[in-house]
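I opened this entry to keep track of what I looked up, one place at a time. The structure comes first, then my notes.

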Amino acid sequence: MKKFLIMFIALFAIGLYAQKVDLNTASLEEIMRLPISEIQANDIYNYRTYISFFESIYDLRNIASIDQITMLRIRDQVVVSLYREEDEVTARREEIMDLLERLDSNEGGSEGMSDVWEDYLMTPQNVNKMHFDDFISLPNVSPVDAVGILKRVARGDTIADMRDLRNTVGLSHYGYTNLRSYVYYRNPPVRNRLYFDAQMQYYTRYYEEGAYDMYHEPFLREDYGVTTVVPQDKRLSYWGYFNLDQIDPDYIVKLRARYGNHLKIGWMHNTAKGEDDIWKSTGEDLIANSKYYAGYENTDLAFLPRTSLKLYLGHYRATYGEGLVMENTDFYSARKTGYGFSKRILGITPDLSRTQLYALRGAAIELNNPLIGFSAFVSQDKKDAIVYMERETDDSGNPTNYITPVVGADGKYQVLSYVNPTIRWDEDELREAEAHFNQELVAGGAYAVPYINLAYRKNFVDETIWGTHLQVSPLIGTKLGFTTYTALYDNAHFVVPDWNTLKLDFIRNSYYHKVFKINDSEIAGLYSTSTADYVRDYRRVIGFDGHTVVGNVSVQGEYAELSVRGEDFKLGDDPKAYLVSAYTQYENLYFLALLRHYDVNFDNPYSNAFSEHERFDDTVLEKYIYALTNPTLSDIYQNASQAQPEHGIYFETRYKFNNYFTVGRSYLDIWERLSDGRRSARFQSELEFRPLYQVAMRLRYKNQVNRYDDTAERGVSKTNEYTLSFRTFLSARDFLEFEYRYNTVWGPPYTSLTNPAAGGNNSMAAASTLMQGDYIGVNYTHNFSPSLKLQGAFLYWYGHGISHWDWEDMEIDFMGEKGAKAWVAIHSRISQNLYMTLKFRNKTYQDKELRIREYNVDLPANSYWERVQHVENTIRLSLDYRF
């Protein structure tokens with residue numbers, strides 16, 4: 001009886017509530033049923049429509065015709081429901097907010113791709129009309145997943161909703177969870193409308209170690225002896241001359257607008273550290289130093305069923321196959337397999353990334369349907385280069401300290417290679433600095449090269465590119481492609497001399513010619529347009545790619561050749577590169593095998609393929625900056641994006657045994673560096689134990705051996721890294737992690753350092769070296785609310801000569817000898833459309849700085865600093881306004 005009474009009271013209360021008029025949702029007719037006049041009813045309706053929704057019943061007093069008596073009379077007959085004023089775009093952004101934040105945090109690794117993926121998140125594609133390349137360009141969606149969906153759609157079985165998508169045969173759970181936010185089924189979640197995104201970033205970063213050493217290297221005359229006190233003229237280095245100690249932040253301003261996923265425009269200006277800031281750029285300079293695009297996309301043309309079209313003017317990216325012929329980016333990423341988050345977005349896409357040197361600026365068109373695809377692109381731009389220089393002469397014919405580019409007999413400049421400089425100085429700035437340095441160089445004895453003979457110049461080479469890509473897909477998941485581009489150089493020749501001449505051009509002091517070794521053949525292997533055998537004004541690369549999926553196995557590959565002396569369409573007679581990989585997928589397991597080979601002379605600046613190291617690693621450009629005729633030649637290596645010439649095979653897997661144990665991403669790479677034949681192996685694996693969903697313990701081990709085939713060789717090194725971490729996922733999506741890492745590096749004896757000729761017997765000359773270092777850190781995330789999040793970390797390390805690294809927020813950081821670091825970042829949604837990230841980092845560490853002037857000779861006291869204290873405080877502020 002008591003239960004029936006409770007139910008009766010509850011139903012009666014619901015009935016009373018249901019009879020009340022909701023002031024935030026009621027129609028005008030419903031409001032007029034209240035005991036009020038028609039004028040008062042219209043006033044209530046108009047207030048809600050044109051002024052504001054009601055937050056409480058007392059907001060009625062804001063209406064002039066509603067007095068206190070009227071409000072009390074209708075108080076028991078109305079209700080005010082909670083109403084959130086939110087349009088469909090805001091609702092969509094709330095739905096995918098976590099994914100958007102994840103893309104923002106990966107921007108350092110997937111430079112420029114986040115903008116494209118964000119567009120697809122906000123305006124998804126119809127899963128029933130997408131093509132094979134559309135699927136495999138999305139993060140963590142495999143070719144096997146794509147074929148499962150395409151085969152189902154080809155049978156006429158339309159995918160109706162998210163649950164229907166999950167039931168697709170061949171689509172893994174992992175692929176489904178990553179795909180579902182990028183697609184829709186019947187009706188798009190957001191209608192075609194105007195979107196606008198304005199971003200600003202302010203970042204007070206410090207130079208990385210390689211650039212720091214490069215700019216500190218002084219220009220000194222040749223006749224300073226061992227006991228001579230070297231003058232402390234700070235202006236004898238780029239660092240001192242340009243006062244690089246000063247705080248000089250990066251600025252990035254980016255504006256994007258689009259109508260649906262069809263019409264798109266964008267503009268970006270990036271002022272890197274050391275360059276003139278955006279506020280000083282006006283007119284032509286602002287346009288010349290900015291990136292921009294205007295584009296049109298249509299995924300289903302009315303006059304060509306199931307055919308997509310892309311048209312772009314301005315800056316764009318072009319990516320095909322495995323990145324051997326064309327993937328234009330300035331940024332290198334090791335072990336870029338094309339799977340997971342190391343994806344390539346195939347085809348033509350807009351480009352507002354920080355890529356500058358290999359940016360394409362012009363026009364591009366792309367047409368695709370399930371059977372055939374076609375792309376064509378043209379680009380015309382000026383490129384930064386390392387230029388051959390000679391001394392200017394005065395009116396009397398005497399050489400001065402100023403230098404000028406060398407001009408060949410045909411009236412064209414002579415350049416060594418492209419370069420992506422750490423700082424893009426203007427020619428006027430460099431001209432005076434170089435004259436100052438040359439004054440010091442010529443003041444002493446005779447160097448082999450007594451002046452700066454190779455120098456960086458901004459926007460020096462006029463380059464015009466014509467390229468195309470053709471693709472046929474006879475079967476679902478199978479495609480064959482052909483890609484080629486020709487780069488024309490109107491005002492310059494690339495000239496790379498023979499080995500001995502190159503050594504003289506690169507090494508200032510003849511005493512250091514011996515540091516120019518066999519692995520510097522990577523420099524000698526640079527492409528020339530002018531040689532003793534031919535003279536041309538172009539560079540041409542031709543390649544073929546293929547992809548097929550059979551069952552749960554995907555096989556893909558690409559072959560490319562750089563046309564030098566052979567015939568364009570004859571395989572094997574020119575420098576080549578090839579890559580073949582196979583990917584097998586199960587529900588809880590995948591396995592990847594990859595074979596690659598890149599010739600030493602395959603110098604394609606627009607290539608960005610899988611490798612362990614970037615080109616010029618371990619050459620004189622990295623290891624012997626002090627010996628170079630110009631320290632900034634090291635920029636050729638510091639910011640290289642091409643793969644190093646390698647031949648190797650790579651294996652990768654991940655296996656989830658059950659809900660408790662998972663073997664995380666594990667890989668084995670065995671490769672040979674082709675410049676000197678050094679063979680190396682690298683292995684990494686991790687095991688995660690998750691006794692509860694909220695708690696995880698992870699053990700990771702990494703081992704790398706260089707020159708494993710000859711343990712007596714001086715270049716041998718063996719590295720072991722052990723990492724143990726504990727993670728806990730707390731309430732409100734908070735996160736806490738403790739991590740400890742221990743490293744060892746073994747190396748052979750370096751007799752020239754441990755047993756100098758001037759001394760007697762030294763037992764250390766026969767001993768190997770073992771360096772040890774460790775690292776401890778804490779990472780945390782706390783969500784105060786859905787609109788406010790705090791992230792941070794603090795850590796301590798002791799390197800003992802070992803380089804430690806840390807993946808910090810959206811960037812990787814390499815640390816010095818010994819120190820501590822702490823950073824904190826606040827992510828806040830300030831308003832409905834404004835987002836802010838503010839990050840502060842303090843890094844305090846010790847490091848070694850060596851100044852070696854002669855081999856096996858005692859150094860003056862002021863040339864060696866055992867411990868140098870560094871304190872770095874950086875701020876990064878990001879504002880993003882989206883509507």
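Where does Met130 lie? I found Met130 in the loop between β3 (125-126) and α8 (132-136). Helices (H or I, at least four residues) and strands (E, at least two) are DSSP runs, numbered from the N terminus.

Before going on, I noted that this is a predicted model, in which local features need pLDDT of at least 70 and side-chain atom pairs count only at pLDDT 80 or more, while totals for chains, interfaces and linings use all residues. Residues are numbered from 1 along each chain as its sequence is written, and side-chain values use heavy atoms, with hydrogens and water left out.

**Met130.** Is Met130 buried or exposed? Met130 counts as buried because its relative accessibility is 2%; buried means under 20% relative accessible area, exposed over 50%, and partly exposed in between (1.4 Å probe, protein chains only). I then listed what Met130 touches, not counting residues up to four places away in sequence: Gln125, Phe135, Leu138, Leu150, Val183 and Arg306. Contact here means heavy atoms within 4.5 Å. I also looked up Thr299, which is 169 residues from Met130 along the chain, yet their C-alpha atoms are separated by 7.9 Å.

**Asp880.** I found Asp880 in strand β34 (residues 864-882). Asp880 has 10% relative accessibility and therefore counts as buried. Its side chain makes a polar contact with the side chain of Arg882, at 2.7 Å. A polar contact is a pair of N or O atoms within 3.5 Å; within protein, one must be able to donate a hydrogen and the other to accept it, and residues adjacent in sequence count only if both atoms are side-chain atoms. Leaving aside neighbours within four places in sequence, the contacts of Asp880 include Asp197, Ala198 and Asn833.

**Strand β19.** I counted the covered part of β19 (residues 553-562): 7 of its 10 residues are buried. Strand β18 (residues 538-550) runs antiparallel to β19, and 10 bridges join them; two strands pair if DSSP finds at least two bridges between them. Across this pairing, His547 stands opposite Gln556. The hairpin of β18 and β19 has 2 residues between the strands, and there Gly551 takes a positive phi near 65 degrees. β19 also pairs with strand β20 (residues 576-585), antiparallel, over 9 bridges. In β20, Ala582 is the bridge partner of Val555.

**Helix α15.** What covers the buried residues of α15? I noted α13 (238-241), β13 (399-405) and β15 (454-475) among the elements that do. The buried residues of α15 include Leu430, Phe437 and Leu441.
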